[in-house]
Amino acid sequence: FSQIIPFLRKLIFQSDQGTPLHFSFTSKGLCVFEKNKLSKLYPWINVVRMTVDGANLKVVAQERGIVKEYKTIFNFGTEANAKHVWRSAVEHMVFFT
């Protein structure tokens, strides 16, 4: 458990406005919270693919039947962290869909 806490602290990002963003998985999908409010939800059913590019995780999802590449790229500091989050996201997506 003590190894997980420092990693979870890395799942906090800064938005363009400087407010903290939190990254999470739920049964509904991939969630991004801003100021403790859900700011973006990527439903599992709409996620086409997730890719790791270095320390970044990129999400490609459908919106109203149109495949759209979201410009939100999550930077996890290292490629190992990004792969860990990607693997967890894939496991959650497979379990909940």
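In the predicted model, Gly29 touches Ser24, Leu41, Tyr42, Pro43 and Trp44, when residues up to four places away in sequence are left out of the count. Gly29 belongs to strand 3, which spans residues 29–34. With a relative accessibility of 0%, Gly29 falls under the 20% limit and therefore counts as buried.

Among the contacts in the protein chain with a separation of 6 or more, 34% are accounted for by residues 24 or more positions apart.

Confidence in the prediction is described by an average pLDDT of 77 for the protein chain, with 76% of the residues scoring at least 70. Over residues 1–8, however, the pLDDT is below 50, and this stretch has 3 contacts in the model beyond near neighbours in sequence. Where pLDDT is low, the predicted coordinates should not be read in detail.

Within the run of strands, strand 5 (residues 47–53) and strand 6 (residues 56–63) pair in the antiparallel sense, and 6 bridges are found between the two. In this pairing, Val47 is placed opposite Ala61 of strand 6. Strand 5 and strand 6 form a hairpin with 2 residues between the strands, and in this hairpin Gly54 adopts a positive phi near 65°.

Toward the end of the protein chain, helix 2 covers residues 79–96 and thus has 18 residues; from its first C-alpha to its last, the helix reaches 26 Å, close to the 26 Å expected at 1.5 Å a residue. The buried residues of helix 2 are Asn81, Ala82, Val85, Ser88, Ala89 and Met93. Viewed down the axis of helix 2, these buried residues fall within an arc of 135°, so they line one face of the helix. The face turned away from this buried side carries the exposed residues Ala80, Glu91, Val94 and Phe95.

Terms used. Residues are numbered from 1 along each chain as its sequence is written. This is a predicted model: local features need pLDDT of at least 70, side-chain atom pairs count only at pLDDT 80 or more; totals for chains, interfaces and linings use all residues. Side-chain values use heavy atoms; hydrogens and water are left out. pLDDT is the predictor's confidence in each residue, from 0 to 100. Contact means heavy atoms within 4.5 Å. Two strands pair if DSSP finds at least two bridges between them. Helices (H or I, at least four residues) and strands (E, at least two) are DSSP runs, numbered from the N terminus. Buried means under 20% relative accessible area, exposed over 50%, partly exposed in between (1.4 Å probe, protein chains only). The arc is that of the directions from the helix axis to the C-beta atoms.
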